[in-house]
Amino acid sequence: PIPCVPWQSQTSGQYQRRVHGYAQDHVTPQVYNQKPYGVPDTDEFWGRETPDPEYDLDAEMELAYQRVASLDGDGRRIAIAERMDNKVQVFANILNHLVKKYSFSMEMLFWVCVGYIVAEHDAVVITWREKVRHSLVRPTSYSKHVVEEKNVPFWDGTEISTKLWTPFIRVMPHAEYPSGSAAICTVAYEYTQRLVQDVYGDDDLTTLWTYKAGSTKWAKGFPEEDFVETLDTLKDLQQQCGQSRLWGGMHFTASIEAAETLVAGYGEAVYDYTVDILGGDKMPQIPTEQDCGMIGRLQKVEGMKTEKPAGKRKASSACDCKTMCQTLEGFTAKAFTTDVKKGKRDASAFPSLVASRGIKRSPTQPT
């Protein structure tokens, strides 16, 4: 039988009935019985199990109270916790960095998305299986039904009854252990790292995460000012994603590492699966003979210089533009502008010999 009995306070170790005030059981527990798409269906990969965390739930609950209270006034971690909770936004930002850095073709974009979706599917299914098997209580329910009523500090600087306490972000209707979010971020990190290493020869990918003042949904008014979080490696992204689940009180401690260990190697295995679908070839790229830059409007950026080849005002493509601009000494065309008012496209150039001209090149290229 499928173990999906709602958690009750007198039966330690089963799942909760209420979170944020509405009734819920373990949603779709039968999902755990699915087969993997990209990960090998072997004991090495699909036969893994997470150990019993042997929680001291009273001690873990006190840690959850402290972690959530520590968010008080910390706009940076509040914003990060909310962003990392949304895996669509996490995937979208990784994908945006890949597209910008490597000028993805449509085919490349398609296959990378296929790989991400397959990796997420396999990670969620095996994590679901372990959630159902352990059926462990969430902090929300343990606080409400087990902890003796008292006031504890909350993330907004006030105090709240343990009977009303909730994590910073609502939790979903499934068991606490192991963390599905940590599993998803682990396969995203592995898959992306294998991609940039195998296809582009880069060791890693640095990602920037922009947070606008007052943009958070769960904590209105945070962050107090704009900031950009730089994650130098994809491993940094995985770790921040997992730890944010603890910051917000959505999980107990062991859940994060258990999930990361459970799906270790899944991202790489799914990358190999994606390549196998292509007959063993590398991911499709923009053919080099067509790689003439990108069509778009040139922005005014420090270090940029725009030129118009004498007697030639129109270009029908990026390659046509590049050919025209070869008449300009020391410049190589990368894009052409669009004259919005007149509807004309004017050939322009991007400085390639910036050092000899003493021009400081901006790291941002126009598109």
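A salt bridge is here a side-chain nitrogen of Lys or Arg within 4 Å of a carboxyl oxygen of Asp or Glu. By that criterion, a search of the whole structure, which is a predicted model, finds 12 salt bridges. This report describes several of them, after a short account of the chain as a whole.

**Overall composition**

The protein chain has 367 residues, of which 49% count as buried. Its secondary structure comprises 12 helices and 10 strands. Among contacts in the chain with a separation of 6 or more, 72% are between residues 24 or more positions apart. The accessible surface amounts to about 18300 Å², and carbon and sulfur atoms contribute 50% of that area.

**Salt bridges**

| Salt bridge | N to O distance |
|---|---|
| Arg170 and Asp85 | 3.3 Å |
| Arg245 and Asp85 | 2.6 Å |
| Lys101 and Asp202 | 3.5 Å |

Asp85 takes part in a salt bridge with Arg170 and in another with Arg245. Which parts of the chain does the pair of Arg170 and Asp85 link? Arg170 is in the loop between β4 (159-161) and α7 (180-200), whereas Asp85 is in helix α3 (residues 75-85), and the two are 85 residues apart. Arg170 has a relative accessible area of 24% and is therefore partly exposed. Asp85 is buried, because its relative accessibility is 16%, which falls under the 20% limit.

In the salt bridge between Asp85 and Arg245, the side chains meet at 2.6 Å, N to O. Because Asp85 belongs to helix α3 and Arg245 to helix α8, this pair ties together parts that are 160 residues apart in sequence. Both Asp85 and Arg245 are buried.

The salt bridge between Asp202 and Lys101 has its closest N and O atoms 3.5 Å apart. Asp202 lies in the loop between α7 and β5 and Lys101 in helix α4, so the pair ties together parts 101 residues apart in sequence. Asp202 counts as partly exposed because its relative accessibility is 23%. Lys101 is also partly exposed, at a relative accessible area of 47%. Elsewhere, a network of salt bridges links Glu49, Arg129, Glu130 and Arg133.

**The surroundings of Arg245**

Arg245 is located in helix α8, which spans residues 234-247. With a relative accessibility of 6%, Arg245 counts as buried. Its side chain makes a polar contact of 2.6 Å with the side chain of Asp85. Which residues are in contact with Arg245, leaving aside its neighbours within four places in sequence? They are Asp85, Lys87, Ser179, Ser181, Met250, His251 and Ile256.

**Ser105 and the loop between α4 and α5**

Ser105 is situated in the loop between α4 (87-102) and α5 (106-134). At 10% relative accessibility, this serine is classed as buried. The Ser105 side chain reaches the backbone nitrogen of Met108 at a distance of 3.1 Å.

**Strands β5 and β6**

Strand β5 (residues 207-211) and strand β6 run antiparallel and are joined by five bridges. Thr230 of β6 is the bridge partner of Leu208. Strand β6 covers residues 227-231 and has two faces. Phe227, Glu229 and Leu231 make up the covered face, while Val228 and Thr230 make up the uncovered one.

How values were computed: Residues are numbered from 1 along each chain as its sequence is written. This is a predicted model: local features need pLDDT of at least 70, side-chain atom pairs count only at pLDDT 80 or more; totals for chains, interfaces and linings use all residues. Side-chain values use heavy atoms; hydrogens and water are left out. Helices (H or I, at least four residues) and strands (E, at least two) are DSSP runs, numbered from the N terminus. Buried means under 20% relative accessible area, exposed over 50%, partly exposed in between (1.4 Å probe, protein chains only). A polar contact is a pair of N or O atoms within 3.5 Å; within protein, one must be able to donate a hydrogen and the other to accept it, and residues adjacent in sequence count only if both atoms are side-chain atoms. Contact means heavy atoms within 4.5 Å. Accessible areas come from the Shrake-Rupley method with a 1.4 Å probe; for residues, only the protein chains shown count as cover. Two strands pair if DSSP finds at least two bridges between them.
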